[in-house]
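User: I'd like to learn how to read strands and salt bridges in a model. Can you walk me through one?

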Amino acid sequence: MSTKKQDVLVRGQILHYLTDPGPGDDPAAWEYFDDGALWIVDGHVQSVGPWAAVTANLAPQVRKAASFHDHSGKLVLPGLVDTHIHYPQAGVMGSFGRQLLDWLNDYTFPAEARFADYSEAEKSAAFVVDRLLAHGTTTASVFATVHAHSVDAFFSAAEAKGLRMLCGKVLMDRHCPDDLRDSAASSRADSQALIERWHGRGRLGYSLTPRFAPTSTREQLQATGELFQARPDLHLQTHLAENPAEIAWVQQLFPERSSYLDVYAHYGLLGPRSIYGHCIHLTPAERADMAAAGAAAAFCPTSNLFLGSGFFDYAASTAAGMRVGLATDVGGGTSFSLIRTLGQAYEISQTHATPLSPMRGWYLATLGGARALYLDAHIGNFQPGREADFVVLDWAATPELAWRMERTRSLAERLFALMILGDERCVVATHVMGERVWSK
């Protein structure tokens, strides 16, 4: 096997974040190079900076041999990170939803039941991975179904593209259709087998995935918590405080617990590498507890608007010290596009009179998501040694954007117009470990 280094050189308008800009848009939180260079060796960032400075340090023969991608005039960002998505629900996006519990019974459960057929899971996984890349998303935290082979199908599709992905089998042993029900014992055995098969294989990681507290017995939650506590390298994903009716149901099912979050905490499901979808209706005490535990929230604006669930308070959550990532929540969410999702995150922030700035918004879609998933040692920015996943965006992909961009006066104005008027049409190319895996 050849040991020759694979060198990639990228030119473009490069933006990446070093930390959260915060509500004051701290300019030290990001780096922007209007004529920038990204130098990649064997899939990892070697250096980033002004084109002239980076290329001046390259030997002529190295530069000549490198794969060169000229994206001058286009925006180059770290790959977008979707912190909460249900890949089996891609086929029910855009279904008349009413609200959460109706959505589950009318659309989610029938769609997931079809995954008893492995070919359905395989076709869906291939479709979703392709669409994520077409929308500039290179990493996601993914719910499968109760069928163990649904995880096999998704990880196989992700592995074929070399992606860094998290995924897990849904755990659900009550309050669901019989053909989607497992048990505390079988869910633990299935999860352990999947962990052995996939966790740490290439760029893949396993997430323990109880759907939400109402669909798991105390025994299943206890078994899952024991597994999570025993394996500090595992991730965990579930749902929390999405809908008032859901919260009332949890209180009815777990009267001995002080809150919805306390259910998860009691069973050992609250801690670092845990991420909870929605987190809309949290009390200040619950936010403080999540922050102290190192748990994260997945902000799902398109889904929350579509299902009428409420308005997540990003400003209050981050002020409390919580980790927060952006998420499409397909299929309650209405698009694979994190650009569209970012625009709706801004609109929701306006309901709290704390508008999400463009400088903080693009942080949320990149490094913020990587931090929420505890993957920022690998992805999320272009610091040397990071895996070189990135997306290339066209500022003027539509006539409306082009018209607006001609009238902007600053980077912040351009980024804001892009997050409000942009969508997947802006994606020119998506690269994984330096290699182009999708392009127009």
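Analyst: We take the sheet, then the salt bridges. This is a predicted model, so local features need pLDDT of at least 70, side-chain atom pairs count only at pLDDT 80 or more, and totals for chains, interfaces and linings use all residues. Residues are numbered from 1 along each chain as its sequence is written, and side-chain values use heavy atoms, leaving out hydrogens and water.

User: In what order do the 7 strands of the open sheet run?

Analyst: Strands are DSSP runs of E, at least two residues, numbered from the N terminus; helices are runs of H or I, at least four. Two strands pair if DSSP finds at least two bridges between them. Here the order is S3-S2-S1-S4-S14-S15-S16, with mixed pairing. The edge strands, S3 (44-50) and S16 (435-439), each pair on one side only. S2 (residues 30-41) pairs with S3 in the antiparallel sense over 6 bridges. Val-41 stands opposite His-44 in S3.

User: Which residue does Asp-182 meet in a salt bridge?

Analyst: A salt bridge puts a side-chain nitrogen of Lys or Arg within 4 Å of a carboxyl oxygen of Asp or Glu. The structure holds 21. Asp-182 meets Lys-169 at 2.9 Å, N to O. The two sit 13 residues apart, in separate loops.

User: Are Asp-182 and Lys-169 buried or exposed?

Analyst: Buried means under 20% relative accessible area, exposed over 50%, partly exposed in between (1.4 Å probe, protein chains only). Both Asp-182 and Lys-169 are buried.

User: What about the bridge between Arg-425 and Asp-423?

Analyst: Their N to O distance is 2.7 Å. Asp-423 is buried at 7%, whereas Arg-425 is partly exposed at 46%.
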